[in-house]
Amino acid sequence: MPPTSAANYLMFLRIVADSFGRRPRHKLLTGAALALGMGVVTAALSVSLDVGDRLAKEFRSLGANLIVTPQADSLPLEIGGVDYRPVNAGAYLPEADLPKLKTIFWHNNIVGFAPILEVPAKASLDAMYKLRGDARIPAEATTLLGVWSQHSVAVPNGSNFITGIQKTNPWWSVEGRWFTEGASECLLGKRFAMRTGEPIGGTISVHVGSQSLNLTVTGVLSTGSAEDDAIIAPLALVQQLTGKPGQYRKLYVSALTKPEDDFARRDPKTMNAGEFERWSCSPYVSSIAYSIKQVLPGVDVRVIRRVAEGEGQILTRVRMLLWLVTGAALLAAALAVGASSAASVIERRTEIGLMKALGAGSGTVGFLLAAEQLLLAFVGGGAGYAIGIVLARLVGEKIFGAAPEPSLIVFFVILGLAAGVTILGSALPLHRASRYEPAPILRGE
């Protein structure tokens, strides 16, 4: 049994310390196995705790994951996460309500939003007239797309939030430069520019109904989508041309989220108060959509499933891989500790037999050996944590461009795992050692 008095405790600790310093080869091998195993576990846990936020930020390069449209629109038609609802039908939404997006519970998760106003238009180009002389040339039919570019939004808390289509659609590539907010400038879609031959720096005359406006071309936009056939201009100018001041048709929102599980996909109307609080306090894309709908009256907020589900699948697989690595490292450490512990017990048979002959019980012997292993576990676990932090920094910088911060919680978890792995790996050898009979051992049998 364990020691029961102060003197016995001191003697016990002295024996443990003395024994720990002997047989350094076994101690070094066991400590090295623990340090390496715990180092891999530390790196995996550190990256796993940080990978959600890192990947969520990386995923924003995939574009917006929420789309906001007027609730009064026609019934939505969505196939494969793509909205096929006509963009020129239905109601409009007030631009003045957009600062409210930065007042919801998850306002820090809203990394960008961009309203869009899309209208059919006709364009007359300088290049076409230069090529064909003074002949009257019919204006080319196209689409005029009004968007924000690096637009400053006054947030109710007194700060300014810079947002625009570059944040919600970061894959949009511009040759030249983006137009300046408030200036009579525009971008031409790549296919439109190739078809018309209008160069950067040229002038284009855009006609919407009876209204027209001359715009300077500042760049050519390439998206690989319908925008390549359009003219892209500041939202305020398009609102002016269409007679829709302060209004927009569609809003893209890019938000940092966590992967949805079965609970996240439940209808909030079927939840009780506790479930609804847990759901709304989790950064699911559906709960953020719900919060947006509460602050923007008359809107329909839908998740772009193609983006959101792709993010969730990738993050889940990365975390699963990290947990598999963690489990493999723990198993390898336990096997190494078990083999080293068994060899140590065999070498110490005479010592164990002598202790039992002097009156030590099986419990005392087992407790002594376990204490030695635990001391080794804490030393190996501490060394493994230091190694793991270095590994985590290397992995974080190589993969995510930023190293995870050391965590005190991870340190204590690693010490606990090292102790658990050591006890688990040593359990069978220690059990056998506690059952040794002293007489046969001392007789040399």
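Accessible areas here come from the Shrake-Rupley method with a 1.4 Å probe. Applied to this predicted model, that gives the chain an accessible surface of about 22100 Å², and 61% of that surface belongs to carbon and sulfur atoms.

Q: Why is the pair of Phe113 and Trp148 called tilted?
A: Let's start with the pairing itself: ring centres must lie within 6.5 Å, and these two are 6.2 Å apart. Next comes the angle: planes under 30 degrees apart count as stacked and those over 60 as edge-to-face, with the rest tilted. The planes of Phe113 and Trp148 stand at 55°, so the pair is tilted. By the same rule for pairing, the count comes to nine aromatic pairs.

Q: What makes this pair a tie between parts of the chain?
A: Phe113 lies in strand E5 (residues 110-125), while Trp148 sits in the loop between strand E6 (140-147) and strand E7 (151-154). These parts are 35 residues apart in sequence, so the pair ties them together. Both Phe113 and Trp148 are buried.

Q: Why is the pair of Phe113 and Phe161 called stacked?
A: The ring centres are 5.7 Å apart, within the 6.5 Å limit for a pair. The planes are at 25°, and under 30 degrees counts as stacked. Phe161 belongs to strand E8 (residues 160-163), 48 residues from Phe113 in strand E5, and the pair links these distant parts of the chain. Phe113 and Phe161 are both buried.

Q: What links Phe113, Trp148 and Phe161 into a cluster?
A: Ring pairs do. Phe113 pairs with Trp148 and also with Phe161.

Q: How do you know that Lys102 lies over the face of Phe161?
A: Lys102 is at 4.3 Å from the ring centre, and the limit is 6 Å for NZ of Lys. The rule also asks for a position within 35 degrees of the ring normal, and Lys102 is listed as lying over the face.

Q: Why is Gly243 called exposed?
A: Exposed means over 50% relative accessible area. Gly243 has 51%, so Gly243 is exposed. Gly243 follows helix H6, with a positive phi near 70°, and lies in the loop between H6 and strand E14 (247-248). In H6 itself (residues 235-242), the buried residues are Leu235, Leu237, Val238, Gln239 and Leu241.

Conventions
Residues numbered from 1 in each chain as written. Predicted model: local features only at pLDDT ≥ 70, side-chain atom pairs only at ≥ 80, totals over all residues. Heavy atoms only, no water. Buried < 20%, exposed > 50% of the residue type's maximum accessible area, 1.4 Å probe, protein only. Helix = DSSP H or I, 4+ residues; strand = E, 2+ residues; numbered from the N terminus. Phe/Tyr/Trp six-rings, centres within 6.5 Å; stacked < 30°, edge-to-face > 60°.
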